[in-house]
Amino acid sequence: MFLARLALRNVFRNRRRSVITLLAIGTGIFTLVLTMGLTNGYGRQAELNLIDLEYGHLEIFRAGYYEDKLAGLEDAIAAPAAVEAAARALPDVAAVAERLSVASLLHFQGDEMPALAVGIDPVADNQVFRLQPSIVAGRWFTDGAEGLIGDRMAKTLGIKPGDVLIWQARARGGPDAAPIQAVEVTVVGILSTGDPALDGTILFVPLAFARESLLAGPRATVLAVRLRDPDRLDGAAAALAAAIGPDYEVKTWRELGRDFLQLYQVKRAGNFIMVLVFLALVSVGIVNTMLMATYERQREIGMFLALGMARREVRRLFLLEGAFLGMWGAVAGVALSSPLVWLLQVYGLPIAWISGGKDVDIGFPIRGVMYGELSAGLVIEALALGVILATAASLWPAWRVSRLEPTAALRRV
Amino acid sequence: MDLRVEPGEFTSIAGPSGSGKTTLLNLIGCLDVPSAGSVLLAGEEVAKKTKDELADLRRHKIGFIFQTFNLVPVLSAYENVELPLALLPEIGPAERRERVEQLLTLVGLADLMARRPLELSGGQQQRVAIARALVKRPSLVLADEPTANLDSDTGVSVLELMRRINQEQGATFIFSTHDQMVMRFARRLLLLRDGRIASDEVR
């Protein structure tokens, strides 16, 4: 207790030096909270996008379809209504939407580009996905030969709502037998989801129109499921797999988005290491501060040793000083950065506005608005890191000063 | 040099600079161990002890008073006196408080306990240092030029205080000094020259 009280007072003994060191630690922790707050926020947002825009919570395929890169409409679920009914009967399941996807070519005024055409039910799809709120021009479709594309694709092809493009795809019947279908689709709406793949490479058409154009009958390539409780993901996936039997397989959004999630984890670790390197540089400053303090206080340490203070207690005193220095610095850094991250969580960072409409790549592309995430975990992590780093930076100075001989130390002026 | 100091002595070691006063005090105070010869403290050979054992001995048995006071500037007078007791876990908080207050009253600083060293005069600081040296009730108090940084009046009052404590509590006091006044107060006066005892006078 006494040592702690002494250490606490010693932190502010040399005000100017302490303030400079605290600023350094504070800046390091500020950088940590801001960087990781944005990275975590991006991750959280991206996870929600995976669920709301790409996969729902779970997806049902015909067994083998997902792994087979050459799978076509012949390998789709032949009688989706029965599977859908079995899924809806489960208490975990809130909604199910059938989708029919096919690799396609789009033509517009002499340009052509590859795309994935996805047939979606204009009503049922909205119960699983959140595409409709992303319409930025035109309207949501109802039925018939209407299509929705992302703003990136619209820009690439120069398409406005009301323009007509040619959708070309292989209909059901196998690689040799299948006739190539080419139909006119009127683009009635432009989506802007912030998901680069979705905004740049997908044509959405009404499910009935897709089935009819592709001679697909009632087929669906995938049934997307929204759960009542997202935390019941694995339990619900197991229950669903049991209910629909071995002819089908169930994938969670985490499995479907694995590539992205892994990329994100690598990027997150990279950002964390970058901040750690910065904090390591800050630690050099702490080492310097502590060395100066030990040098200035040699006589006092000599007196402590003369009074019979053990060397480990001298070490503990300086380690405690380092810990307090780290704590105050971290508190300052968190106090300054967390309101900022909170603002970023509420209002977001308008990436598109800052970059002039271009995508920004921080290891993965970002567009639109980037949100921060302020969590208790991050704050605790930042505080703990500040204390640990500053204590670690004090180890060597503390060890060095504890080796002093009392008579030599007492002679210092 | 052959020197024997009995319990309860009030002894002054004088001599010119470089005569070995401080070295002798450091040896008696277990801050240094002799490279040749031996120092016995209460019958125990100092050179045979480890550094930790020496620290333990100082912690329990020996009080130091320094020429430059060596108070901790960030601690109040009360806390500076409390410091040696904080190193003795066997003394509980209640007894600690009682002893610190008693000592500060004894040295006449009862009203200034909350002040920090820089808010005290030189004499007051040295009295805090004396209280700090005595608070653990050491059997031996070593004072290295305790009056060197004090004016004569203050020096006299500090010496009177130490003599009173010596008489009342029976602790052994050994000073090193240049100061004629300190020598007058001593009941035994050792004169060092070139590391040897030139005279040893008991009054």
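Predicted model: local features only at pLDDT ≥ 70, side-chain atom pairs only at ≥ 80, totals over all residues.
As for bookkeeping, residues are numbered from 1 along each chain as its sequence is written, chains are lettered from A and ligands numbered from 1 in the order in which they are written, and side-chain values use heavy atoms, with hydrogens and water left out.

Now for the area. Buried area is the accessible area (1.4 Å probe) that two parts lose on being put together, summed over both. Chain A and chain B bury about 2200 Å² between them, and 60% of that is on carbon and sulfur atoms. On the chain A side, A:Phe2, A:Arg9 and A:Leu307 supply 31% of the area that chain A buries against chain B, more than any other three residues.

What else holds a place at this interface? There are 10 residue pairs in polar contact between chain A and chain B, both residues being at pLDDT 80 or more. A polar contact is a pair of N or O atoms within 3.5 Å; within protein, one must be able to donate a hydrogen and the other to accept it, and residues adjacent in sequence count only if both atoms are side-chain atoms. Helices (H or I, at least four residues) and strands (E, at least two) are DSSP runs, numbered from the N terminus.

Salt bridges come next: a side-chain nitrogen of Lys or Arg within 4 Å of a carboxyl oxygen of Asp or Glu. The rule finds 26 of them over all chains, and 5 salt bridges lie across the interface of chain A and chain B. In one, B:Arg59 meets A:Glu313 (2.7 Å, N to O). In another pairing, the side chains of A:Glu405 and B:Lys51 come together at 2.6 Å, N to O. A:Glu405 lies in the loop between helix 14 (376–402) and helix 15 of chain A, and B:Lys51 in helix 2 (residues 51–61) of chain B, so this pair joins two chains.

Within chain A, A:Glu300 and A:Arg13 form a salt bridge too (2.5 Å, N to O). This pair links distant parts of the chain, 287 residues apart: A:Glu300 sits in helix 11, and A:Arg13 in the loop between helix 1 and helix 2 (15–55) of chain A. A:Glu300 is buried at 9% relative accessibility, while A:Arg13 is partly exposed at 26%. Here buried means under 20% relative accessible area, exposed over 50%, and partly exposed in between (1.4 Å probe, protein chains only).

Finally, the backbone. Most residues other than glycine have a negative phi. B:Cys30, not a glycine, has a positive phi of about 60°. B:Cys30 lies in the loop between helix 1 (21–28) and strand 2 (40–41) of chain B, and is buried at 1% relative accessibility. B:Asp194 has a positive phi of about 50°, but counts as exposed at 68%.
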